[in-house]
Amino acid sequence: MPLLIPVTTVEVDGIASFVTKEKFREGTVTDGVKMVWTGENFDENFLDKTEEKDVAGTLLRIQRLKNASSDAQIITELGNTHETTLSHCWELLKKQGLGENGALLVNGYGNIAYIRGRYDILWAVRFCWHIVVDGWGVEAHSQNSWEWYAGYHIISR
């Protein structure tokens with residue numbers, strides 16, 4: 001029985017260079033994205049990250065999690081398409097930078113992407129629109145530290 005229900009696909013632009021600490025800045029609006037919070041794990045494992053130059057554009061798949069599930073279950077179902085990049089997720093955030101409706105959830109539920117951080121470790125990165133303070137928050141979780149709720153969106157290639 002499938003764990004993920006297809007929602008949509010979104011084409012995102014490539015980027016010449018992506019320096020995380022220039023984009024994910026707590027309490028700012030950058031590129032039209034209102035970032036109100038960054039979690040400690042995210043700061044420690046991603047803020048010093050610079051992604052390769054000339055990251056090509058891609059098509060991202062957005063899928064809804066049918067049942068509460070672990071990272072291992074989700075990654076198994078996604079197969080070799082599970083990993084994405086911060087730059088691609090940033091391009092996706094730009095499309096809903098102020099909480100507009102779109103592919104990402106903006107109802108307080110999470111949008112999860114699997115992204116490599118410091119030391120090439122794969123993290124579950126959760127992007128969430130905080131409905132009380134009207135802005136995006138981002139946090140990183142080590143794999144299998146959470147069971148993600150049914151209804152969350154999963155971002156993959």
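**A walk through the model**

Guide: Let us begin with T30, which is found in strand β3 (residues 28-30), where strands (E, at least two residues) and helices (H or I, at least four) are DSSP runs numbered from the N terminus. This is a predicted model, in which local features need pLDDT of at least 70 and side-chain atom pairs count only at pLDDT 80 or more, while totals for chains, interfaces and linings use all residues. Residues are numbered from 1 along each chain as its sequence is written, and side-chain values use heavy atoms, with hydrogens and water left out.

Visitor: Is T30 buried or exposed?

Guide: T30 is buried, because its relative accessible area is 9%; buried means under 20%, exposed over 50%, and partly exposed in between, with a 1.4 Å probe and protein chains only.

Visitor: And which residues does T30 touch?

Guide: Leaving out residues up to four places away in sequence, T30 touches E22, K23, R25 and W90, where contact means heavy atoms within 4.5 Å.

Visitor: Let's switch to the sheet, then. What order do its strands have?

Guide: The open sheet has eight strands with mixed pairing, in the order β1-β6-β12-β8-β9-β10-β4-β3, and two strands count as paired if DSSP finds at least two bridges between them. The edge strands are β1 and β3, each of which pairs on one side only.

Visitor: How does β12 pair with β6 and β8?

Guide: With β6 the pairing is antiparallel over four bridges, and I155 in β12 is the bridge partner of I62. With β8, β12 runs parallel and is joined by three bridges, and here A113 stands opposite I155.

Visitor: Which way do the residues of β12 point?

Guide: H153 and I155 point one way from β12 (residues 153-156), whereas I154 and S156 point the other way, and all are buried.

Visitor: Which residues have the most contacts inside the largest nonpolar core?

Guide: They are F24, V125, F127, W136 and I155, in a core of 30 residues; a nonpolar core is a set of buried Ala, Val, Leu, Ile, Met, Phe, Trp, Tyr and Cys residues joined through side-chain atoms within 4.5 Å. The largest share of this core, five residues, comes from α4.

Visitor: What about the second core?

Guide: That one is separate and has 13 residues, including L3, L65, I75 and Y114.
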